[in-house]
Amino acid sequence: MAEEKSQFEDTIGYTLHGSRYLNVTNRCGILRCAFCPKFNGAWSVKEYDMRLHHNPSVEELVEAAGNPADYKEIVFCGMGESTMRLDVMLEVGRKLKEKGAKLRLNTNGTGSMLNGRDIAAELVAVIPTLSVSLNAQDEETYDRHCRPKNAGTYAAVIDFIKSAKKAGGDVTVTAIDGLPGVDIAKCEAIANDLGVKFRRRVLDDLV
Ligand code: SF4
């Protein structure tokens with residue numbers, strides 16, 4: 001018989017490198033990245049099991065964040081796309097901001113497409129620092145690795161980055177070094193053209 005886990009055992013908050021991370025959702029909605037640990041039967045980040053058995057509430061997420069003064073940053077980043085639960089994330093963000101938290105969102109950049117409107121300004125108003133996974137220098141390479149359900153997703157991610165920058169966000173674009181066909185120098189050049197920062201990531205490093 002399969003082992004059953006209680007929702008109370010879910011990893012809602014976890015600590016890495018002196019920052020506190022919040023696991024908002026396991027769902028991504030549009031992307032099904034071939035390199036994603038969850039599609040390869042691995043749900044752990046370091047020692048943490050990221051599989052959620054329920055959607056954490058605002059109260060649970062705020063509690064899981066702990067005392068913001070104890071951490072460098074509070075980061076919305078689970079094994080899923082946090083903008084799938086935009087309202088919940090923003091409410092948590094507002095509550096944590098009142099407690100003096102420095103907030104960041106790690107996103108795949110599909111938030112506007114997922115929500116059917118440009119969400120960049122409302123996002124940046126609460127969470128001013130964004131790391132956006134661009135993951136490839138062109139649509140063909142992107143589609144091969146990220147396997148989006150929707151046509152035009154790569155262009156939508158670029159639009160989201162532009163919009164977040166325009167809204168005053170502190171935006172860093174990331175790409176994973178080592179994925180076949182991904183040209184890190186070209187990804188960095190795209191970030192430079194968009195006027196945002198760039199960071200090279202390594203595979204299996206979700207942060
Ligand atoms: S966006 Fe992130 S969590 Fe979602 S499928 Fe891709 S790698 Fe996995």
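Two strands pair if DSSP finds at least two bridges between them. Keep that in mind for the opening stop, and remember throughout that this is a predicted model.

**Stop 1: the hairpin**

Select Gly13 and look across to E2: glycine 13 stands opposite leucine 22. Now widen the selection to E1 and strand E2 (residues 19-22); four bridges join them, and the two strands run antiparallel. Next, click on the turn. The hairpin of E1 and E2 has two residues between the strands, and there histidine 17 takes a positive phi near 50 degrees.

**Stop 2: the whole sheet**

Bring up all the strands of the sheet. What is the strand order? Reading across, you go E1-E2-E5-E6-E7-E8-E9, an open sheet of seven strands with mixed pairing. Its edges are strand E1 (13-16) and strand E9 (197-202), each of which pairs on one side only. Turn the view to look along the sheet, and you can follow a twist that averages 25 degrees from one strand to the next.

Now zoom in on strand E5 (residues 74-76) and strand E6 (residues 103-107). These run parallel, with three bridges joining them. Pick isoleucine 74 to find one of the partners: its bridge partner in E6 is leucine 103.

**Stop 3: helices on the sheet**

Then show helix H7 (residues 184-194): it lies across E8 and E9, and runs at about 150 degrees to E9.

**Stop 4: a helix pair**

H1 passes H2 in a right-handed crossing.

Turn on side chains for the contact. From H1 come Val58, Leu61, Val62 and Ala65; they meet Val88, Glu91, Val92, Lys95 and Leu96 in H2. By class, this contact of H1 with H2 has seven nonpolar residues, no polar ones and two charged.

**Stop 5: the ligand**

Which residues surround it? Select Cys28, Leu31, Cys33, Phe35, Cys36, Phe39, Met79, Gly80 and Asn108 to see the shell around the ligand. Colour that shell by class and you find seven nonpolar residues, two polar and no charged ones.

How values were computed
Residues numbered from 1 in each chain as written. Predicted model: local features only at pLDDT ≥ 70, side-chain atom pairs only at ≥ 80, totals over all residues. Heavy atoms only, no water. Near = heavy atom within 4 Å. Nonpolar A, V, L, I, M, F, W, Y, C, P; charged D, E, K, R; others polar. Left-handed = near helix turned anticlockwise from the far one by under 90°. Contact = heavy atoms within 4.5 Å. Axes fitted to C-alpha atoms, helices over the stretch in contact; angles between N-to-C directions.
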